[in-house]
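Here is a briefing on a two-chain model. Read it with the structure open.

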Amino acid sequence: MPEPGGNRVARRRRSGALRIAGDLAIAAVVVIVMGVARGVYSNELLLFNFIMFFTLAQGLNVVYGFTGYLPFGYVGFYGAGAYGFALAVMHLHAGPALAMLCAVAAAILLGIILIPLLRLSGAYFAIASLAAAQATYEVVANPTLEDVTKGPYGVSLTQVFAPAASYYTGLAILAGTLLLVVFLRNGRFGLSLQAIREDSVSAEMAGISVVRGRIIASLASAVIAGLVGGAFAWHISVFYPDTAFDLGVSIFAVVFTLFGGITTLSGPLLGVLILYGIYNWIGITLPQYFQLIYGALIMVLVLFLPNGLTSLLTSRGIRVP
Amino acid sequence: MLVSAIISGVFFGLFFTLVGLGLNLVFGVMRIVNLAHGDFLMLGAYAAVFLFALLGLHPLTSAAIMLAAGMVIGIPIYYLIVPRLARARDVEMLSLILFFGMSQMIEAIASIMFGNNERSLPARLLGVGPVQILSARMPRAWVYSAAVSAVCVVLVYLYLYRTRFGTITRAVMVSRDEALATGIDVDFVSAVAFGLGLALAGIAGVFAPFMLGSVTPNIGGTVIIAAFAVIVVGTLGNPLGTVIGGLIYGISLMLMQTYLSSWANLLPNLLLILVLLIRPEGLLGHRVRRA
């Protein structure tokens with residue numbers, strides 16, 4: 001029996017509100033747990049790394065999950081953020097707040113320079129983005145720029161060192177990123193991005209601005225990585241270009257996101273929790289064995305579970321937040 | 001100085017033609033970027049080092065062995081992975097990620113087995129003393145690797161354009177679906193091309209200790225960027241374009257090292273990005289892909 005139209009609209013609106021509430025609840029739990037954990041658990045660096053990868057995985061989710069562009073060189077924005085922060089502290093003698101702004105500015109600048117890469121598709125974008133991250137690294141780590149960036153010898157920012165403040169800044173960035181993903185999953189803009197990902201021609205014909213959508217999504221993910229890079233620089237306060245532009249950061253973010261399942265809120269979080277958890281639980285004494293396990297994991301994932309953990313549920317028609 | 005930079009660039013570039021040749025063949029036939037290409041090259045280099053250390057084999061003999069080894073390893077890998085992969089939704093992206101995983105595994109296994117020390121082959125193996133060509137002086141090994149590269153390019157050309165199997169391979173390059181409809185065993189053709197690609201990577205690897213100074217298990221990453229730059233500058237899917245790509249890469253690298261040496265590492269990355277943006281179809285190409 002057909003039910004009255006008004007009732008159906010009301011129900012749909014209610015289920016939409018319920019979904020948003022569910023997504024927000026997950027985000028709140030993650031942020032609160034990470035906030036409380038600092039007081040309970042003594043290994044602050046480990047917790048901070050978890051926050052970093054939660055955020056980076058979601059940042060990658062924003063660009064790969066919603067637009068289909070896979071930036072292998074995602075670490076480039078992270079490194080740009082870290083060095084934006086470091087340069088502001090070293091040369092402008094800036095406080096942490098101004099330095100974080102410079103971190104964002106550096107990431108946005110790199111993001112704007114790399115906008116033309118969005119003309120490429122699929123594998124070409126992924127490899128060009130990798131090359132761009134390498135190129136940024138080569139510039140920053142170049143010994144001829146020692147006066148500016150300290151070249152390959154690394155930077156020391158002990159004058160702004162503040163473990164608690166930088167930890168909670170990282171947490172705030174995570175909270176903002178999770179809110180962004182919730183917005184994208186439930187709002188018009190995220191929907192239009194997914195339409196572009198699936199079929200850009202049809203999306204364009206439906207009146208969606210394809211270019212604008214892609215640029216906004218890729219800049220948003222660049223800003224997220226830049227913020228994380230800035231928080232990393234602040235929290236660690238002594239680092240080298242090899243650590244700030246470590247390709248491993250990209251690899252981790254990609255694997256965590258894929259493992260959990262793209263376009264979801266919980267997927268990348270689960271990916272970080274499980275994989276980075278195992279990584280730290282076993283210990284990092286023999287990096288080659290981890291590289292081996294991660295390589296094998298990537299191959300197995302692509303062959304047997306190409307849509308991630310959450311697809312085990314979504315393929316059965318169960319909605320995953 | 002300019003002339004000698006250009007001449008040594010030609011020889012150095014021919015080595016990079018050899019590095020890119022296999023990658024390009026695999027891309028042309030399978031439309032898949034083998035991100036593990038650089039790591040197979042690294043395995044070839046280690047094979048050459050060990051074949052010399054244990055059996056005293058000359059690098060040229062090792063290169064011939066690589067041809068067989070590439071086929072023996074490549075064809076099973078193809079059948080294990082690619083037919084399964086082809087059923088997925090976004091094959092291009094997933095294959096990239098898959099081969100990235102393979103590259104990580106190879107790198108890890110190599111550093112577990114061989115350690116992270118630099119390995120090299122004694123330079124005297126390929127003749128003593130530098131070679132003088134006009135004003136350019138270069139190691140004798142460069143001439144050898146350039147010659148081997150030229151031979152490989154000619155062989156690949158003859159294979160593609162003068163044999164029946166090569167004609168079939170080119171049919172698969174043009175259109176996989178139509179080739180399949182014509183009754184061509186597309187999987188077998190692709191498997192052989194994949195094996196040949198690995199063999200060419202292995203042959204290039206034999207000369208890598210001479211051309212790059214030494215090898216470590218993690219040279220794959222830098223090699224793949226250079227190789228990709230070379231084949232993109234040439235034209236994706238066109239093995240002869242790789243020659244031009246390699247020459248441009250080699251000459252510009254030598255010019256950079258002569259005049260702007262501290263920024264030379266930037267070159268492959270910038271070249272790759274610029275060509276992708278300005279002329280994505282490569283120097284010789286008409287459009288073979290959407291970009």
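Angles under 35 degrees count as roughly parallel, over 145 as roughly antiparallel, 65 to 115 as roughly perpendicular, and the rest as oblique. This is a predicted model, in which local features need pLDDT of at least 70, side-chain atom pairs count only at pLDDT 80 or more, and totals for chains, interfaces and linings use all residues. Residues are numbered from 1 along each chain as its sequence is written, while chains are lettered from A and ligands numbered from 1 in the order in which they are written.

**Helix packing in chain A**

- Two packed helices are described by the angle between their axes and the distance between the axes.
- Helix α2 (residues 44-67) and helix α12 (residues 247-260) of chain A pack at about 70°, and their axes are 9 Å apart.
- Axes here are lines fitted to C-alpha atoms, for helices over the stretch in contact, and angles run from 0 to 180 degrees between N-to-C directions.
- α2(A) and α12(A) are therefore roughly perpendicular to each other.
- From α2(A), the contact uses A:Phe53, A:Leu56, A:Ala57, A:Leu60, A:Asn61 and A:Tyr64.
- From α12(A) come A:Val249, A:Phe252, A:Ala253, A:Val254, A:Phe256 and A:Thr257.
- Two residues are in contact if their C-beta atoms, placed from the backbone, lie within 7 Å.
- By class, this helix contact has 10 nonpolar, 2 polar and no charged residues.
- Ala, Val, Leu, Ile, Met, Phe, Trp, Tyr, Cys and Pro count as nonpolar, Asp, Glu, Lys and Arg as charged, and the others, Gly among them, as polar.

**Chain A overall**

- Chain A has 15 helices and 2 strands.
- Helices (H or I, at least four residues) and strands (E, at least two) are DSSP runs, numbered from the N terminus.
- The radius of gyration of chain A is 20 Å, close to the 20 Å of the globule rule for 321 residues, so chain A is as compact as a globular protein of that length.
- That radius is taken over C-alpha atoms, and the rule is 2.2 Å times the number of residues to the power 0.38.
- Along the principal axes, the C-alpha atoms of chain A fill a box of roughly 75 × 45 × 40 Å.
- Of its 321 residues, 50% count as buried.
- Buried means that 20 or more other C-beta atoms lie within 10 Å of a residue's own; exposed means 12 or fewer, partly exposed is in between, and C-beta atoms are placed from the backbone.
- Among chain A contacts between residues at least 6 apart in sequence, 77% join residues at least 24 apart.

**Chain B overall**

- Chain B comes to 11 helices and 2 strands.
- Its elements run α-α-α-α-β-β-α-α-α-α-α-α-α from the N terminus.
- A compact globule of 291 residues would have a radius of gyration near 19 Å, and the 18 Å of chain B agrees.
- The C-alpha trace of chain B spans about 55 × 45 × 35 Å along its principal axes.
- In chain B, 50% of the 291 residues count as buried.

**Core and interface**

- The largest nonpolar core has 201 residues, and A:Phe53, A:Phe85, A:Ala128 and B:Leu272 touch the most other members.
- Helix α8 (residues 186-211) of chain B gives the most to this core, with 18 residues.
- Such a core is a set of buried Ala, Val, Leu, Ile, Met, Phe, Trp, Tyr and Cys residues joined through C-beta atoms within 7 Å.
- Beyond four places in sequence, A:Ala128 is in contact with A:Leu117, A:Leu120, B:Leu272, B:Ile273 and B:Leu276.
- The contact between the chains takes 31 residues from chain A and 35 residues from chain B.
- On the side of chain A that touches chain B, α5(A) gives the most, with 12 residues.
- The residues of that side divide into 21 nonpolar, 8 polar and 2 charged.

**Single residues**

- A:Gly226 is in helix α10 (residues 210-236) of chain A, and counts as buried with 33 C-beta neighbours inside 10 Å.
- B:Phe40 lies in helix α2 of chain B and is buried, with 31 C-beta neighbours inside 10 Å.
- Leaving out residues up to four places away in sequence, B:Phe40 touches B:Leu198, B:Ala201 and B:Gly202.
- A:His93 has a positive phi of about 50° although it is not a glycine, and is exposed, with 11 other C-beta atoms within 10 Å.
- B:Arg31, also not a glycine, has a positive phi near 55° and is partly exposed, with 19 other C-beta atoms within 10 Å.
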